[in-house]
Amino acid sequence: MSDEQFISIQNVSKHFGDVHAVDRVSIDIARGEFFSLLGPSGCGKTTLLRMLAGFEFPTAGEIFIDGQAMSTVAPNHRPVNMVFQSYAIFPHLNVSQNIGYSLRKDKLSKADFNSRVGEMLDLIKLSGYEDRASHELSGGERQRVALARALIRRPKVLLLDEPLGALDKQLREQMQLELRSLQRAVGITFVFVTHDQEEALTMSDRIAVMSKGRYLQIDTPTKLYEAPQNREVADFIGTMNFFDASVQDVGDGQASIDAGPLGKLSVSPGNLAFSSGQAALAAIRPEKISISSEKPSGGHVVEGTMDAAAYLGDRSHFYVRVPGVDKPVAVSAQNIDQTHLHGDGNQGQVWLSWSNDAVVLLNKD
Ligand SMILES: Nc1ncnc2c1ncn2[C@@H]1O[C@H](COP(=O)(O)OP(=O)(O)OP(=O)(O)O)[C@@H](O)[C@H]1O
Ligand SMILES: [Mg+2]
C-alpha cells in the first residue's frame, strides 16, 4: 500500500433493487488528504461514505483502508469515524462528557481523562466550556463538540456527511476555514460530502464531482474550475457560457475553431482529443470576459447590447445579447471603480473581449 492509496475504492457498486446508487466507482485517496465528494442530491455521496464506514456493504467491488480489505470488517472495527449533518451530541451530557464519551471504557484516571478532553477543547477552541450543557451551546459550537468527539480516539479516517449543512451562511464559512485548519493540524484523512460547490472548492485538496452514481472528474479545485473535462462539470462548478463551435484544425497544442457569431478563435484543447470538422463547445467563464461601453482597441472583440445588469456590491453581473447567440452572455466584473456600466440594465451597446486562454474547448456530448 502506498500513501497515495491510503483509501482505495476499487470498482465499487451499490444497488438497492433497481437503483444503482453507486456504479463501478474507483477512487484512490491519499493519506492526510482532504477529499470531497461533490454532487447533486441523490448522486450517491452518502451511500459511498456509508460503505467506507461499514454501514452498507458493496454489491460489487472492494474497499481497502490502510492496506486492509474492508469486506469483512464491521463498522466498529474500522479505523474510521463519522460526523453527520445534524448535531449528534448527547443532550443529557455536558461538553466534557460528550467529547470523552468513547474513552469511558478505557478506565482512565480523572486527570488523564481531563487532559485528553482538554487537548480536544484546545483544538476546537472551546476551552472553558467543559461543564456547559448541550442546550447552552450554539449550533456551531455543538457541531465543533461533535467533531472533537469523533476525533478524540484519533481515527485514521474521518468521514463527514454535510457536517455544516445546518449552519447559517456566515457561521458555515467560518467553520469551513476552521475545519480545514483543524484537519491540517491533526493530519487525519478527511472524506467530506457536500452538495455545495463553494464549500468543496474552499476546503478540499481534491474533489470527485459525482453524478448518478458515477464520478465525472476527480481533480484539484483549480483544475476543476479552470480545466473542466466535460460540459456537466463546467456547468456544475461555477457559471459558464457555452458557445457552439466547430473544430477547423488541430495542431501542436493549439486548435483553430469557428465559434460562429464569436468569430474564429485559436485555443488550447487541454488534454482532450479533437479532430478537424468536429462539433465542439467553446466555454468561457463570466469573469474572464471584459466588458466596456467603448470599443477596445486590440484583442478579440464582440459587439452586443446590454440585456440586464445586477449590482452585487463587490461585483456586478451583466447579461449581454450578442447577435446570433441564443442565450445572453453572462459577464462578471469586479466593482473596483465606479463606471457608468454598473447597476443599470440599459439597452446600450457594449463590447466584450477576452484572451484566447480564457476559452475552454469541450466535446459536445
Ligand atoms: N437504503 C436505501 N434503499 C433504497 N434506495 C436507497 C437507499 N439509500 C439510498 N438510496 C437511493 O440511492 C440513491 C443515492 O442516495 P444517496 O443517499 O447516496 O444520495 P446523496 O448523494 O447522499 O444525496 P443527498 O445530497 O440528497 O444526501 C438515491 O436514488 C436514493 O434514493
Ligand atoms: Mg446524502
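## The shell around ligand 1

Helix H1 gives the most to the shell around ligand 1, with three residues. Here helices (H or I, at least four residues) and strands (E, at least two) are DSSP runs, numbered from the N terminus. The structure is a predicted model, in which local features need pLDDT of at least 70 and side-chain atom pairs count only at pLDDT 80 or more, while totals for chains, interfaces and linings use all residues. Residues are numbered from 1 along each chain as its sequence is written, and chains are lettered from A and ligands numbered from 1 in the order in which they are written.

Ligand 1 is surrounded by Phe16, Val19, Ala21, Gly39, Ser41, Gly42, Cys43, Gly44, Lys45, Thr46, Thr47 and His195. A residue counts as near a molecule if its C-beta atom, placed from the backbone, lies within 6 Å of it. Strand S2 (19–29) and helix H1 (45–53) each supply at least two residues of this shell. By class, the shell holds four nonpolar, seven polar and one charged residues. In this scheme Ala, Val, Leu, Ile, Met, Phe, Trp, Tyr, Cys and Pro count as nonpolar, Asp, Glu, Lys and Arg as charged, and the others, Gly among them, as polar.

## Helix H1

Seven of the nine residues of H1 are buried, so that the helix is mostly covered. A residue is buried if 20 or more other C-beta atoms lie within 10 Å of its own, exposed if 12 or fewer, and partly exposed in between, with C-beta atoms placed from the backbone. The buried residues of H1 are Lys45, Thr46, Thr47, Leu48, Leu49, Met51 and Leu52. Just after H1, Gly54 takes a positive phi of about 95°.

The contact between them takes five residues from domain 1 and seven residues from domain 2, where two residues are in contact if their C-beta atoms, placed from the backbone, lie within 7 Å.

The largest nonpolar core has 95 residues, of which Val191, Val209, Ile257 and Ala282 touch the most other members. A nonpolar core is a set of buried Ala, Val, Leu, Ile, Met, Phe, Trp, Tyr and Cys residues joined through C-beta atoms within 7 Å. Both domain 1 and domain 2 give residues to this core, so it lies between them. Not counting residues up to four places away in sequence, Val191 touches Ile29, Phe35, Leu37, Leu49, Leu52, Val157 and Leu159.

Met240 lies in the loop between helix H8 (231–236) and strand S11 (241–250). Met240 is buried because 20 other C-beta atoms lie within 10 Å. Leaving aside neighbours within four places in sequence, Met240 is in contact with Ala234, Asp235, Ala283 and Arg285.

Strand S12 (residues 255–258) and S13 pair in the antiparallel sense over four bridges; two strands pair if DSSP finds at least two bridges between them. The bridge partner of Ser256 in S13 is Ser266. Strand S13 (residues 264–267) has a covered face, Leu265 and Val267, and an uncovered one, Lys264 and Ser266. In a regular strand the side chains alternate between the two faces of the sheet. The hairpin of S12 and S13 has five residues between the strands, and Gly260 takes a positive phi near 50° there.

Key
Domain bounds come from an automatic or database domain assignment.
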